[in-house]
Amino acid sequence: INKSRYVSPELSKRIQDAINKLNYTPNELARSLKMQNTKTIGLIIPVLSHFFMPMLKSINEVTQKNDYSFLLGSSEEDPGNEKKMLEVFLSKQISGILVVPTSDKNRVFMNKIIESGVPIVQVNRRIIGMEADFVVSKNFNAIYTATEYLIKKGRKKIAFLGYDENYFGEDEKKEGYEAAVNDYGLNGYIINVTGHEPSDIFEPLNNFFMSGVKIDGIICSSQMRTIIALQYLKDKSIKIPQDISFIGYDDTSLSILYDPPLTVISENVSEMGQKAAALLLNRIGKKKKIAGTKSILLDVNFIIRESC
């Protein structure tokens, strides 16, 4: 398996057949059985974006304060890439892992990692049924609150941009929106998207408006979707908030510079990273495995400005 010495082609084929039949994962898990604490943690995020920068900063502060370092990888929302990075971390005798999971496809593998003695803490998203601590936002509550706010402002036709069924962790946001419009007896307008590139957002948004549906409010579910929606409405000379009330996602330094300043939903990403890193270091520091898992649910800020 390690190709460290000669093996006949016949024996090599028999070994490979056995690996395939048993779904055997080569040696990384065994290698990860720690003889010592390397004082290094790994972090896997789905994309390198502005949204995760405060998280990286807070994790770096926590690790440096405790004389740890951390390695960073981006899965690009690909479970295959995620697994490869997990294997690389294990091969480097990592002390523990923080992960923003791409899906539940690596749940079994990550459970095996935990069983081997390498703790994992899930951040921002979580896999149901995985025996790992997690720190996530109250996304259902956040979107429900934003939708209800527009309804109480008199908006009756509110669109939700957007929902991607292939994007792990979006269900709670969609469910929060649906619950709010249903509770107030309104019709829902969900603009589905199929990716993270600007064109993946622009095309379904344009198709929605070209269909003739008239809306008086829109709620965005990510920073990129916010940017594309703002540009689209500007290009179409649709005025905010006179024609459409607008709620963006993620409070950046530009939020107050837009005309009008944006009302936004803003997760406490810095606190999320700080708490996740502290949880992980606590797990690493315990010589005995701690029974059960710990969950931390963070409130989400709803910052009201002039766009609605």
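Start by selecting Glu271, which is partly exposed at 33% relative accessibility (buried means under 20% relative accessible area, exposed over 50%, partly exposed in between, with a 1.4 Å probe and protein chains only). Before you go on: this is a predicted model, where local features need pLDDT of at least 70 and side-chain atom pairs count only at pLDDT 80 or more, while totals for chains, interfaces and linings use all residues. Residues are numbered from 1 along each chain as its sequence is written, and side-chain values use heavy atoms, with hydrogens and water left out.

Glu271 makes a salt bridge with Lys275, with the closest N and O atoms 3.9 Å apart (a salt bridge is a side-chain nitrogen of Lys or Arg within 4 Å of a carboxyl oxygen of Asp or Glu). Both sit in helix α10 (residues 269-285), 4 residues apart, or about one turn of the helix. Helices (H or I, at least four residues) and strands (E, at least two) are DSSP runs, numbered from the N terminus. Lys275 is partly exposed too, at 28%.

Next, jump to helix α1 (residues 9-22) and pick Asp17 and Lys13, again 4 residues apart, about one turn of the helix. Their salt bridge has its closest N and O atoms at 3.0 Å. Asp17 is partly exposed at 38%, whereas Lys13 counts as exposed at 52%.

By the salt-bridge rule, the count comes to 10.

Stay with the strands: β5 (residues 133-137) runs parallel to β11, paired over 4 bridges (strands pair if DSSP finds at least two bridges between them). Val135 stands opposite Ile296 in β11. Which residues of β11 (residues 295-298) are on its covered face? Ile296 and Leu298 are, with Ser295 and Leu297 on the uncovered one.

Last stop: Arg225, in helix α9 (residues 223-235). Is Arg225 buried or exposed? It is buried, with a relative accessible area of 1%. Show Glu170 as well: a polar contact of 2.7 Å joins the two side chains (N or O atoms within 3.5 Å; within protein, one must be able to donate a hydrogen and the other to accept it, and residues adjacent in sequence count only if both atoms are side-chain atoms).
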